[in-house]
Amino acid sequence: MLSEKRNKLTAIAAALTILTASIVFGGCGNDGGQAGRSNAVQVKAMNAVKRDTPLTSEYAGTIVGKNEVKVQSKVSGNVVDKFVTGGQLVTAGQPLYKIDSRQYESAVLQAQANLAQSVATLNNARTDLLRYQELLRANAISEQTVTTQATSVDSYEAVAAANAALLRKAQQDLDDTVIYAPMTGQLSVDDVAVGTFATAGVTNLVSIGSADPIYVQFSIAENEYLNFVNVQSMKQGNSNPIVVTITLSDGTEYPFVGQIAESDRALADSTGTLTVKALFDNPEGLLMPGMFARVKLSGEVIPGAILVPQRAVQQLLGKSFVMVVGEGNKSESRTVELGEKVGSYYIVKSGIKPEDIVIVEGLSNLQEGRELNVTMVNAEEMGFSIEPDRKAFVGGDKVSAVK
C-alpha cells in the first residue's frame with residue numbers, strides 16, 4: 001500500500017516537472033517570436049497617385065471699380081443746387097450739380113457786346129476799303145491809302161475773331177456751371193452739400209464708378225508668375241485657358257466666371273508680387289468696390305502627374321526624400337524632385353513611380369533598410385484631400401489644389 005502511494009507521488013512529481021518545463025520553454029518561445037516581430041517597424045503606407053491634375057491656385061482679392069471718376073467743376077463758384085443724392089445710380093449726361101452762374105452770365109453778355117462792337121468796326125473798315133478801291137481805279141486816291149486800309153481790315157478781323165473766341169469761352173463757362181455725370185454708374189456718399197465753394201479742377205464734388213462690369217484685383221508671387229500664370233496665356237488664351245472664379249467672404253460662390261483683363265508691367269518693389277485684375281459681369285450689382293473675395297485660377301493641366309502626401313516628404317540639407325516600401329518589405333529612401341502643392345499632396349517630378357508604396361506614418365527615426373510591418377491605408381482614412389485647405393486662406397496666403 002505504501003509502495004503504491006509512493007509510485008503515485010512520483011508520477012505526479014514527474015508530471016509537474018514536465019508541465020513546468022513546458023511553461024518555461026513555451027514562454028521563452030513566445031518571447032522570442034514577439035522579439036522578432038518587434039524588430040519590424042510599424043508603419044502606415046499608401047500607393048502613390050497618378051492622374052491628370054488640373055492645377056488651381058487661390059489668392060486673396062479685392063473688388064475694385066472698372067471705371068471710377070472724381071467729379072470736379074470746370075468753373076469756380078458756390079454750389080447752388082444739387083440734383084442727386086449720395087449713392088444714387090445715374091446715367092451718363094445726367095445733371096448732378098449747379099454752380100452759381102451769375103458772373104458767367106455777365107461774362108457772356110460782355111463778350112457778346114465786345115464781339116458786336118468789333119464786328120461793326122470790321123464792317124465799316126471793309127466798306128471803306130471797297131470805296132477806296134473804287135477811287136483807286138479812278139486814280140482819285142493813292143495806292144498807299146488802299147494798302148493801309150486793307151491792313152486795318154485785317155487787324156479788325158483779328159480783333160473780331162478774338163472776341164468771338166472769348167464769347168465761346170464765356171458761353172462754355174456758363175454751360176459748365178451745370179455739372180453732368182461723365183458716365184453711367186453709382187455715386188459715392190461723400191458728395192458735397194449745397195453752399196460749398198467749388199474751386200475749378202480742385203474740389204471733388206462726388207465720385208462715380210461703374211458697377212457692371214467690375215474688377216477683382218489680386219497679387220501673385222514671382223514663382224507663381226513663372227510657373228503657372230503666364231501673362232500671355234492669360235491675355236490671349238491657349239489650349240487650356242485660365243478660368244477665374246471667386247468666392248465671397250460669406251462662402252458664396254459667385255455665379256459668373258471672369259477673365260484676366262489686366263496685369264501690371266512689373267513686380268512691386270516692396271512685395272515682389274505682380275498685380276492682376278480679372279473682369280467679371282455684375283448685372284445685379286452684388287459686387288461692390290472694397291469687398292474681399294477669394295480668387296481661384298484654374299485651367300492648367302499636368303497630364304499623368306504623380307502625387308504623394310505632403311506628410312510623406314522629408315527634407316534635409318535642401319533635398320527632399322520619401323520613404324517607400326522596398327524589396328523584402330524593407331524601408332527604402334528615395335530622393336525626389338517636388339513640383340506644385342495640390343491640397344494635401346505634392347506633385348513629384350522625379351524619384352517616385354506610380355507603383356511605389358509610400359510610407360505616410362511612422363517616419364520618426366525610421367532608417368533605410370529597416371524591416372517593416374506595413375498597414376495599408378487610403379486617403380480618406382488619413383484625412384488627405386486634393387482640395388485646398390480653406391484655413392490656409394486666412395490672412396490672404398495663396399494655396400494650391402486640384403479640382
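How much space lies in the largest pocket? I put this to the model, which is a predicted one, and I noted a value of about 370 Å³ for the largest pocket.

Entry on the lining. I found 18 residues lining this pocket, and those closest to its centre are Q186, L187, G209, M288 and P289. I then looked up which elements give two or more residues to the lining, and these are β8 (185-187) and β10 (204-209). Of the elements, β10 gives the most, with 3 residues. Sorting the lining by class, I wrote down 9 nonpolar, 7 polar and 2 charged residues.

Entry on the sheet. I followed β8 and β10 into an open sheet of 4 strands, whose order is β3-β10-β8-β5 and whose pairing is antiparallel. At the edges I noted β3 (68-72) and β5 (89-90), and because each has a single partner strand, one side of each is left without a neighbour in the sheet. For β3 that partner is β10, and I recorded 5 bridges joining the two strands, which run antiparallel. Within this part of the sheet I also marked V71, which stands opposite V206 in β10.

Entry on R294. Is R294 buried or exposed? I first placed R294 in strand β15, which covers residues 292-309. Its relative accessibility is 15%, and because buried means under 20%, R294 counts as buried. I then looked for a partner of its side chain and found that the R294 side chain makes a polar contact with the side chain of E58, at 3.1 Å.

Notes. Residues are numbered from 1 along each chain as its sequence is written. This is a predicted model: local features need pLDDT of at least 70, side-chain atom pairs count only at pLDDT 80 or more; totals for chains, interfaces and linings use all residues. Side-chain values use heavy atoms; hydrogens and water are left out. On a 1 Å grid over the protein atoms alone, a cavity is a set of points where a 1.4 Å probe fits but cannot get out, and a pocket is an open set with protein on both sides within 12 Å along at least five of seven lines; lining residues have an atom within 4 Å of a point. Grid points are joined across faces, edges and corners, and a volume is the space filled by probe spheres set on the points. Ala, Val, Leu, Ile, Met, Phe, Trp, Tyr, Cys and Pro count as nonpolar, Asp, Glu, Lys and Arg as charged, and the others, Gly among them, as polar. Buried means under 20% relative accessible area, exposed over 50%, partly exposed in between (1.4 Å probe, protein chains only). A polar contact is a pair of N or O atoms within 3.5 Å; within protein, one must be able to donate a hydrogen and the other to accept it, and residues adjacent in sequence count only if both atoms are side-chain atoms. Two strands pair if DSSP finds at least two bridges between them.
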